[in-house]
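Student: I should like to learn how to read confidence and charged pairs in a model. Please take me through them in turn.

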Amino acid sequence: MAGVHGSGGKQSGGDTVDALKWSGKRSDAVGNTTGEMQSVSSNNKAAGSDPYRYKMDYPCLGKCVIINNKNFHSSTGMTARNGTDVDAAFAIKTFTDLGYKIKVENDLTVEKINQLLSSVSEEDHSGSASFACVLLSHGDEGVIYGTDGCEKFENLTKYFKGDRCRSLVGKPKLFFIQACRGSDLDGGIETDSVEEQTSERIPVEADFLYAYSTAPGYYSWRNTYNGSWFIQALCEMLQRHKGELELMQIMTRVNHKVALDFESSSNLPGFSGKKQIPCIVSMLTKDFYFPK
């Protein structure tokens, strides 16, 4: 089953992984790679008086930066990430519908990624309720790839920390990362069904959410026709539950969908029947509700 949905239908295209580079049996070219494919409403008025809920009465929800890396320098030895344009389209529509102002960049080098994120962090976000970033690329544990090499993930998020980006202090900074974090494969296992004070000091690392497509050390699966399992599930659950469920509740549903509704189908021996579980790392200090 190539990413089977709960409805029982099958996805088209082949399943592949956002792996490091071509390495014999384990390559990015797994399976069939020919397939390609406003203002914030004050619906959550309680937030103003609830110390455990992020304030939403700002002119806009914020900016969402989408970095979509598909084609890589031959020197990296990595193949094109077929299917990532589908992910980018899903993300653009979903985050636009949520209320974000979208900025999309394709095929950026490490230097360009750093320049982009540094520049965005220096903008005035005082009228924004939050910030979001969607990273679509190759990866390994602790690193994300530009088209010409890798960069430590922590070097990309540092621009938005409290001591560097003052206008986002106390506001959610959300990072959604579709990339491998290693080369382990998950074979799965059978189971039986069953208000803010201006004088307060907060940690510079506070109010971040890192939503990784897979657990540390593992491959992250991407269907060459329908896009990655994680982005498919993320966009579906954000659209379905925005304004109704808190963000961490939504992310739990994303985990549930990826874990249960998808399974790899590959022409490469040893790569079929594999599973995946996203990994959510939260330093959020309050509940975050998207506008309806």
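The dialogue below turns to confidence and then to salt bridges.

Tutor: This is a predicted model, in which local features need pLDDT of at least 70 and side-chain atom pairs count only at pLDDT 80 or more, while totals for chains, interfaces and linings use all residues. Residues are numbered from 1 along each chain as its sequence is written, and side-chain values use heavy atoms, with hydrogens and water left out.

Student: What is the mean pLDDT of the chain?

Tutor: pLDDT is the predictor's confidence in each residue, from 0 to 100. Its mean over the chain is 87, and 82% of the residues reach 70 or more. Over residues 22–39, however, pLDDT stays under 50. Where pLDDT is low, the predicted coordinates should not be read in detail.

Student: How many salt bridges does a search of the whole structure find?

Tutor: Side chains of opposite charge can pair when their charged atoms come close. A salt bridge is a side-chain nitrogen of Lys or Arg within 4 Å of a carboxyl oxygen of Asp or Glu. The search finds 12. One of them joins Glu-236 and Lys-257, at 3.4 Å from N to O. Because Glu-236 lies in helix α4 and Lys-257 in helix α5, this pair ties together parts 21 residues apart in sequence. Helices here are DSSP runs (H or I, at least four residues), numbered from the N terminus.

Student: Which residues are joined with Glu-236 and Lys-257 into one network?

Tutor: Arg-240 and Asp-261 belong to that network, through salt bridges that share partners.

Note on methods. Contact = heavy atoms within 4.5 Å. Helix = DSSP H or I, 4+ residues; strand = E, 2+ residues; numbered from the N terminus.
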